[in-house]
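Q: Could you take a close look at one part of this structure, the parallel sheet together with the helix and the pocket beside that helix, and then say how other parts are arranged?

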Amino acid sequence: MQETWQKQEIYDVLVIGAGQAGLALGYYLHQRKKNFLLLDASPRVGDSWRNRYDSLRLFTPAPYCNLPGWPLDLPKDHYPTKDEIAGYLEQYAQRFQLPLALEQKVVALTKASGIFQVQTQKQLFQARQVVIATGPFQTPFVPNYGTNPTDSVLQLHSSQYRNPVQIPAGKVLVVGAGNSGAQLAVELAHTHEVHLSVKKPPRFSSLQLLGRSVFWWATKTGAIYAPPTSVLGKKMLKQAEVIYSRELEMLLQKGEVPLRPEIRAFDQEQVIFQDGTQTSFTSILWATGFRPDYNWLQIPGAIAENGAPVHQNGISPLAGLFYLGLSWQRSRGSALLLGAGRDAQFIAQQLS
């Protein structure tokens, strides 16, 4: 899309990341007539969705995928594809004429004399306030077991996977049973022998309860907006991720996808599991999530020892620095489309 930004000497607000969280904040900054700019490393708005695996569908129906000010124009019982969401985000930016600087990967964020300096691979931007809206999915994570499988075993992280054509014939081990791991295990089970390695037995939920979406119930009861410090929030944080589909559950019950424990080590093509069993695989698909990467955030005190940003409800202890789109930033829904607008409005209110 055509970029609509003009370089200013000092912006009121620079937003790093033009995904759903950054765009939602842009909507509120536009309403408040702020002098702001959205920076993104991708060449197109929506690429973070567009570049995921081909069959990806959201488990939230269309009415729960809206950003503020403009609903997603799809049937209410439709589960959007990743390309439909990517197109919606791109059109959203165009509709509200949000100022964008694309293909601007940030390599350093510093602060001097009360002004933030945002250095990209192309140029330097300055702002009085910065909101980091890069989201929770940053650096693909693969566990280290001390040993590695032989090079003949294909290894892909879920971020690299697109479709079953990439996977050679033979047994496939999917590691991790979040929603992505579950969806990929089901998809590959149609063409391959799939085994699933997990830390804990997966928890399943239907997408419908008493004729309504589980997200209708979650929003009506307020459960989706439970703060992480609340009794309900603390309980949910301790539980394993819920898989919103019964397809994998049925395959597990039928024995069509064997459930395996955690990996202990590797021996050539052999995977050695914690229960002592060993099996040879031709491919391993790592659905093991992501880890934060804030190496470019070069302001003392901004990042904790574990690499996570220091904040409370998205507000950094460092004056003028904020976050948006983090998992459990203010609630269970913070990293979802349905929570983006709510958190963006809150952060917009904090910006002086």
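A: What follows begins with the sheet and moves on to the helix, the pocket and some other parts.

The model is a predicted one, in which local features need pLDDT of at least 70 and side-chain atom pairs count only at pLDDT 80 or more, while totals for chains, interfaces and linings use all residues. Residues are numbered from 1 along each chain as its sequence is written, and side-chain values use heavy atoms, with hydrogens and water left out.

Strands of a sheet pair through backbone hydrogen bonds, either parallel or antiparallel. Here, 5 strands form an open sheet with parallel pairing, in the order 8-19-9-10-15; two strands count as paired if DSSP finds at least two bridges between them, and both strands (E, at least two residues) and helices (H or I, at least four residues) are DSSP runs numbered from the N terminus. At the edges are strand 8 (154-157) and strand 15 (259-260), each of which pairs on one side only. Strand 10 (residues 193-197) runs parallel to strand 15 and is joined to it by 2 bridges, and Leu196 stands opposite Leu259 in strand 15.

Helix 4 (residues 179-189) lies across strand 9 (171-175), strand 10 and strand 19 (283-286), running at about 170° to strand 9. Such angles run from 0 to 180 degrees between N-to-C directions, with axes fitted to C-alpha atoms, for helices over the stretch in contact, and contact means heavy atoms within 4.5 Å.

Helix 4 also takes part in the second largest pocket, where it supplies the largest share of the lining, 5 residues, and where helix 7 (247-254) likewise supplies at least two. A pocket is found on a 1 Å grid over the protein atoms alone, with a 1.4 Å probe, as an open set of points with protein on both sides within 12 Å along at least five of seven lines, and its lining residues have an atom within 4 Å of a point. This pocket holds about 370 Å³ of space, a volume being the space filled by probe spheres set on the grid points, which are joined across faces, edges and corners. Of its 18 lining residues, Ser55, Arg57, Gln183, Ser245 and Glu247 lie nearest the centre. By class the lining has 10 nonpolar, 5 polar and 3 charged residues, where Ala, Val, Leu, Ile, Met, Phe, Trp, Tyr, Cys and Pro count as nonpolar, Asp, Glu, Lys and Arg as charged, and the others, Gly among them, as polar.

A second open sheet has 3 strands in the order 16-17-18, with antiparallel pairing. Strand 16 (263-267) and strand 18 (278-280) each have a single partner strand, so one side of each is left without a neighbour in the sheet. Between strand 16 and strand 17 (residues 270-273) there are 4 bridges, and Asp267 stands opposite Gln270 in strand 17.
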